[in-house]
Amino acid sequence: MKLLINKQILSKYFQIGQGVSESDIEKYIQEAQELDLKPLLCEDFYYDLFSTNEKFKKVIEGGEFEYNGQVRFFGGIEKVIAYFAYARLILKSNIVNTTHGFVTKKTDFSSEADFAQRKNYYYSNRKDANTFLEDVKKYIELHIDQFHSWNCYSKCNKVKSYKSSVIK
């Protein structure tokens with residue numbers, strides 16, 4: 001799966017520890033794209049983001065645009081993914097699987113943030129990501145003639161329901 005952002009872009013928005021590997025960051029970015037962002041967008045539009053079409057570059061990177069004679073700014077999909085990925089990093093990053101089970105790394109020179117605090121940061125970053133997504137949506141809807149795959153409400157905004165049953 002192609003990633004729309006990388007560790008360097010994530011570092012524009014958040015402080016990332018030197019010891020956090022590129023592969024760990026990529027895992028959280030991939031989860032953010034597929035599990036957090038994709039369900040919020042029409043599927044066709046989501047996959048159009050991976051195209052080389054120049055109009056999607058601005059949607060990803062953000063920027064400024066004019067509306068009613070006023071200059072407006074938006075952060076772009078990269079900022080949305082960064083906040084979703086960082087939320088996942090906050091919640092999951094200090095838990096390591098060892099031969100003796102899952103452990104939390106500790107040192108004599110620091111103390112870990114407790115789970116309640118990490119959970120608060122997790123939800124706060126997810127809320128911020130959704131707020132930034134609203135700005136992206138405004139940009140797209142003001143330029144809807146350029147983004148035909150955005151309007152797929154008949155296909156993508158239906159609530160999916162699943163039914164489970166117990167096999168006896």
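Student: Of the 168 residues of the protein chain, what percentage count as buried?

Tutor: Of the 168 residues of the protein chain, 35% count as buried. The word "buried" means under 20% relative accessible area, while "exposed" means over 50% and "partly exposed" covers the values in between, with a 1.4 Å probe and protein chains only. Please note that this is a predicted model, in which local features need pLDDT of at least 70 and side-chain atom pairs count only at pLDDT 80 or more, whereas totals for chains, interfaces and linings use all residues. Residues are numbered from 1 along each chain as its sequence is written, and side-chain values use heavy atoms, with hydrogens and water left out.

The overall arrangement comes next. The protein chain has 7 helices and 4 strands, and along the sequence these follow the pattern α-α-α-α-β-β-α-β-β-α-α. Helices (H or I, at least four residues) and strands (E, at least two) are DSSP runs, numbered from the N terminus. Of the contacts in the protein chain with a separation of 6 or more, 63% are between residues 24 or more positions apart; a contact means heavy atoms within 4.5 Å.

We may now turn to the largest nonpolar core, which has 41 residues. A nonpolar core is a set of buried Ala, Val, Leu, Ile, Met, Phe, Trp, Tyr and Cys residues joined through side-chain atoms within 4.5 Å. The members that touch the most other members are Phe-45, Leu-49, Val-59 and Ile-77. At least two residues of this core come from each of α1 (7–13), α2 (22–37), α3 (43–48), α4 (54–61), α5 (77–92) and α6 (115–142). The greatest contribution is that of α5, with 10 residues. Helix α5 is largely enclosed by the rest of the structure, because 14 of its 16 residues are buried. Its length can also be checked: the 16 residues of α5, at 1.5 Å a residue, should span 22 Å, and this agrees with end C-alpha atoms that are 22 Å apart. The expected span of a helix is 1.5 Å times one less than its number of residues.

Leaving aside neighbours within four places in sequence, Phe-45 is in contact with Phe-56, Val-59, Ile-140, Phe-147, Ser-149 and Trp-150. Val-136 is found in helix α6 and is buried, with a relative accessible area of 1%. Not counting residues up to four places away in sequence, Val-136 touches Val-59, Phe-74, Gly-76, Ile-77 and Val-80. From Val-136 to Ile-77 the distance is 6.9 Å, C-alpha to C-alpha, although they are 59 residues apart in sequence.

The structure holds 16 aromatic pairs. Rings of Phe, Tyr and Trp (its six-membered ring) pair if their centres lie within 6.5 Å; planes under 30 degrees apart count as stacked, over 60 as edge-to-face and the rest as tilted. Phe-74 and Tyr-139 form a stacked pair, with 4.4 Å centre to centre and 15 degrees between the planes. This pair links distant parts of the chain, for Phe-74 lies in strand β2 and Tyr-139 in helix α6, 65 residues apart. Phe-74 counts as buried at 6% relative accessibility, and Tyr-139 is buried as well, with a relative accessible area of 4%. Ring pairs also link Phe-45, Phe-56, Phe-65, Phe-74, Tyr-139, Phe-147 and Trp-150 into a cluster.

Strand β1 (residues 63–67) and strand β2 (residues 70–74) run antiparallel and are joined by 5 bridges; two strands pair if DSSP finds at least two bridges between them. Among the bridge partners in β2, Phe-73 belongs to Glu-64 and Val-71 belongs to Glu-66. The hairpin has 2 residues between the strands, and Asn-68 is found in this loop between β1 and β2. Most residues other than glycine have a negative phi. Phi of Asn-68, however, is near 50 degrees, a positive value in a residue other than glycine.
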